[in-house]
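Subject: Model for your files

Hello,

Here is the structure I said I would pass on.

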Amino acid sequence: QVQLVESGGGLVQAGGSLRLSCAASGRTFSSNNMGWFRQAPGKEREFVSAISGMFSTTYYADSVKGRFTISRDNAKNTAFLQMNGLKVEDTAVYYCAAARLPITPRARALDVRSYDVWGRGTQVTVSS
């Protein structure tokens, strides 16, 4: 079983940047498909971005496309989410998730049910 620990959240002004990290331990990291989701108060958890394990195929929610970049470093067992141009509406708890099974096509990458392991989350707050 893989364990995931997120870090890098914090308070930032609108227009600023943050880089989230997701450190993994346990099963072979390179075989895991990784995803980032977020959940704002009173809202459902929503897809942000994902990256496949085999070919590092990336997926993004329309709301973050062009502003966020997902990446992974298999040597360091870590996935990253670089967030630029942050907006107030990006405020949420951000969760890292891992999926053993493929996350293609795109519909599977967006689905929370595709992921079998979740981190505890890291708070991102964007002020106006």
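Strand 8 is mostly covered, with five of its six residues buried (under 20% relative accessible area, with exposed over 50% and partly exposed in between; 1.4 Å probe, protein chains only). Strands here are DSSP runs (E, at least two residues), numbered from the N terminus.

This is a predicted model: local features need pLDDT of at least 70, side-chain atom pairs count only at pLDDT 80 or more, and totals for chains, interfaces and linings use all residues. Residues are numbered from 1 along each chain as its sequence is written, and side-chain values use heavy atoms, with hydrogens and water left out.

The open sheet has four strands in the order 1-3-8-7, with antiparallel pairing; two strands pair if DSSP finds at least two bridges between them. Strand 1 (3-7) and strand 7 (68-73) are the edges, each with a single partner strand, so one side of each has no neighbour in the sheet. From one strand to the next, the twist averages 15° (axes are lines fitted to C-alpha atoms, and angles run from 0 to 180 degrees between N-to-C directions).

Strand 3 (residues 18-25) is joined to strand 8 (residues 78-83) by six bridges. Leu-18 has Met-83 as its bridge partner, and Leu-20 has Leu-81. Strand 7 also pairs with strand 8 over six bridges, and there Leu-81 is the bridge partner of Ile-70. Four residues lie between strands 7 and 8 in their hairpin, where Asn-77 takes a positive phi near 50°.

Regards
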